Amino acid sequence: MSVLERAVHMFPRRISGLIKQHRAEVVRRNVSTSLVPSFYTDPARSTEHVELPRRRQRSERKPLVTAVNELKRRARSDRQSRQVVSEITLRPPENGLLVKRLVPVAHEVYNARRALFGCASRVLDNVPVHVCRVCGEVHVGTVPHLIRTCDVAGSLASKEHRWAGGGIEHVLPLVESFHLYDRLGRVVSHEERLLVDRIPAVVELCIQAGVDVPEYPTKRRIFPVYNVAGKMIDFERKFPRDYSNGKDIQTHGFWEKKNSQRCSVSQPFPHADGVQGLFYIDGPFILLYWIRWFISVLSFSTQGMEAWERLRSGVSKLMTEYTAQTCGFCPEVQVGIKGHRARICQAYKHQMRDGQHAWQEATLDDLVPPVYVWHVPDPHSGKPPMNELRRYYGKLPAVVELFSQAGASIDEAYRGMMRGDVTVPELDEEKLVV
């Protein structure tokens, strides 16, 4: 018996699987091009498909940014350094001072966030958003999709979605964090959870990086903080030198919370009432109005797409120096070197933690979570995405899909995610695709 025959005898399942895979590859290469549409063999569409991260189970923890062995090594090093009575050199922002090169980035992120929400609210008047009342899935488009992916408690046996009208909170979900007056001070306790303001995590990151918001004061140090044998030593007074007594400083304002000003766009945006009134005017005026209306929508979508890219890139730059913490089982986020101690976690096995969060290092998607939705190849056709062709559809972040349907161009980085190398076939052509 030869070596090949013994290998086949020892591993029959593995060898048979390889043979089937090889035969399928040969059939795929030798298939007649008359049966396959031309868009599947177009060499210009060679973008590699990008697989999105799968949906986590309720009992599954978020992946760690830093490996467990590295975290243990750092803990051992910190314990050894605390045993020696010597000064540990700290660099900004660990010593309480700002990183000067990131202050303009913080202002850019703050302005980009305001512009993004303003443009998204304007575009939502023309591109509707639907959300499932059972599972919370989001769809951007005029007609909701027919893909049966509703598989949660209380859903139908057919896994069809129950659609309702959505808003900007479904496209750009709000992630809040406790506002810290002193980012190096003590953490928020459970008793103080109702006394400390909760603001968007991106805004809190910008404030700690150098943006001054009058509604949310923060402590700006002039002298650095020193670390001696693991203890933080601050030589500054409780309040900055700009304030004599500190009587005008309010570290929290939960009961007198001020309404945050929304982003205001200078250009007017047409509404449906004005469009109906113009049908009684002559034709040239209607054509001129619709041209102006289309240009304004296209301008808002383009500005919003640029603001989204600036926001993501700016937050990633800030997080290289300014850390943030997130719970490993729930979406809670705390911007700062430590997580808070409020026992408000309701995730997997929170009883064993006494309601406290399982803090770990946060990522960009924790502060700016992208809501992935099905990409509609032709939003003007009026045909909803079908369940039979679900493997041919790609996905995009909801805000990118919103601006793309309004006319903005999509960046090349999303081509692999939206299945740019595949054109969705018709239902009668699906059986011809290998």
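Modeller: One term before we start: two strands pair if DSSP finds at least two bridges between them. Also, keep in mind that this is a predicted model.

Colleague: Fine. How many bridges do β7 and β8 have, and in which sense do they pair?

Modeller: Three bridges, antiparallel. β7 covers residues 226–228. Tyr 226 stands opposite Ile 233 in β8.

Colleague: What order do the strands take in that open sheet?

Modeller: The order is β1-β7-β8, with antiparallel pairing. β1 (87–88) and β8 (231–233) are the edge strands, each pairing on one side only.

Colleague: Now β2. Which strands does β2 bridge to?

Modeller: β3, residues 138–140, is joined to β2 by three bridges. β4, residues 163–165, is also joined to β2 by three bridges. β2 runs antiparallel to β3, and antiparallel to β4 as well.

Colleague: Are the faces of β2 covered or open?

Modeller: Both are covered. Val 129 and Val 131 are buried on one side, His 130 and Cys 132 on the other. In a regular strand, side chains alternate between the two faces of the sheet.

Colleague: What about the turn between β2 and β3? Which residue there has a positive phi?

Modeller: Gly 136, with phi near 80 degrees. The hairpin has five residues between its strands.

Colleague: On to helices. How many residues of α6 are buried?

Modeller: Nine of its nine, over residues 201–209. The buried set includes Glu 204 and Gln 208, along with Val 202, Val 203, Leu 205 and Ile 207.

Colleague: And what follows α6?

Modeller: Gly 210, with a positive phi near 130 degrees.

Colleague: Last topic: α4 and α10. What is the angle between them, and how far apart are the axes?

Modeller: About 55 degrees, with the axes 10 Å apart. α4 spans residues 103–123 and α10 spans 398–405. That angle makes α4 oblique to α10.

Colleague: Left-handed or right-handed crossing?

Modeller: The crossing of α4 and α10 is left-handed.

Colleague: Which residues meet there?

Modeller: From α4, Leu 116, Cys 119, Ala 120 and Val 123. From α10, Val 399, Leu 402 and Phe 403.

Methods
Residues numbered from 1 in each chain as written. Predicted model: local features only at pLDDT ≥ 70, side-chain atom pairs only at ≥ 80, totals over all residues. Heavy atoms only, no water. Axes fitted to C-alpha atoms, helices over the stretch in contact; angles between N-to-C directions. Helix = DSSP H or I, 4+ residues; strand = E, 2+ residues; numbered from the N terminus. Parallel < 35°, antiparallel > 145°, perpendicular 65-115°, else oblique. Left-handed = near helix turned anticlockwise from the far one by under 90°. Contact = heavy atoms within 4.5 Å. Buried < 20%, exposed > 50% of the residue type's maximum accessible area, 1.4 Å probe, protein only.
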